[in-house]
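Let's walk through this model together, moving from a single side chain to a helix pair and then to a loop.

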Amino acid sequence: MPRIFSEHERVEIIDALEKAAMEELKRNGIRRTTVDSLCSSAHIAKGTFYLFYESKEELFLSCLTSFAESLEGMYLEMLQNLDENHIVTSLTAVFYKVAERFEREGIFRFLDGENLALIKRKVPEKRFRDPWETMDKVIHSLFQYFSIENEEDIHIFEDSFLSILHLYLIPQGLRNRDESIKFLIRGLVLQMVE
């Protein structure tokens with residue numbers, strides 16, 4: 001009979017697994033991460049893992065949802081403290097912090113078609129869509145914050161920002177990747193405030 005965990009234990013196990021998954025994501029990506037390595041990092045038994053998640057891919061999707069939710073809190077706080085006298089510089093800093101976190105935590109790996117195909121094969125369609133819908137909602141709310149009225153314009157800004165984030169998939173291929181990303185973000189911000 002499977003062990004029954006208290007609510008506190010459940011939260012601790014999920015937190016430990018998500019933390020382990022994020023570390024593995026940064027270090028190894030989705031394909032090279034194993035359930036064994038996740039369990040070892042989280043200090044849990046493999047059987048316990050399967051009480052919480054059906055697969056490592058489902059755990060990674062859970063991490064993506066958690067990331068999106070925490071991202072919203074981070075940028076909303078930053079937007080509250082914008083320097084109105086230097087709006088372009090301030091907004092560029094906000095968007096760059098979002099991009100930096102995207103890269104630092106390895107979330108950019110979810111943009112890779114190979115990783116997405118792997119996840120999509122392993123989880124039900126509805127479960128696959130949930131974190132993406134959350135991420136879309138978060139990014140959409142970021143652009144709505146600027147009172148962009150035209151829904152089509154919001155989608156263009158979203159797609160432009162996501163295109164910039166795809167640069168993190170290029171392994172050291174750009175001489176000045178970080179500066180290039182800042183430059184592109186600044187251009188996006190200039191378009192938004194014009």
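Leaving aside its neighbours within four places in sequence, which residues is Thr 134 in contact with? They are Thr 65, Ala 68 and Glu 69, where contact means heavy atoms within 4.5 Å. Before going further, please note that this is a predicted model, in which local features need pLDDT of at least 70 and side-chain atom pairs count only at pLDDT 80 or more, while totals for chains, interfaces and linings use all residues. Residues are numbered from 1 along each chain as its sequence is written, and side-chain values use heavy atoms, with hydrogens and water left out.

Thr 134 has its place in helix H7 (helices are DSSP runs of H or I, at least four residues, numbered from the N terminus). Thr 134 counts as buried because its relative accessibility is 17%; buried means under 20% relative accessible area and exposed over 50%, with partly exposed in between, for a 1.4 Å probe and protein chains only.

Now follow H7 (residues 125-144) to its packing against H8 (residues 151-165): the angle is about 115° and the axes lie 10 Å apart. Here axes are lines fitted to C-alpha atoms over the stretch in contact, and angles run from 0 to 180 degrees between N-to-C directions. Among the residues that meet are Ile 139 and Phe 143 in H7, and Ile 154 and Phe 157 in H8.

Finally, visit the loop between helix H2 (35-42) and helix H3 (46-52), where His 43 is found. His 43 has a positive phi of about 60°, although it is not a glycine. Most residues other than glycine have a negative phi. With 71% relative accessibility, His 43 counts as exposed.

Note on methods. Helices (H or I, at least four residues) and strands (E, at least two) are DSSP runs, numbered from the N terminus.
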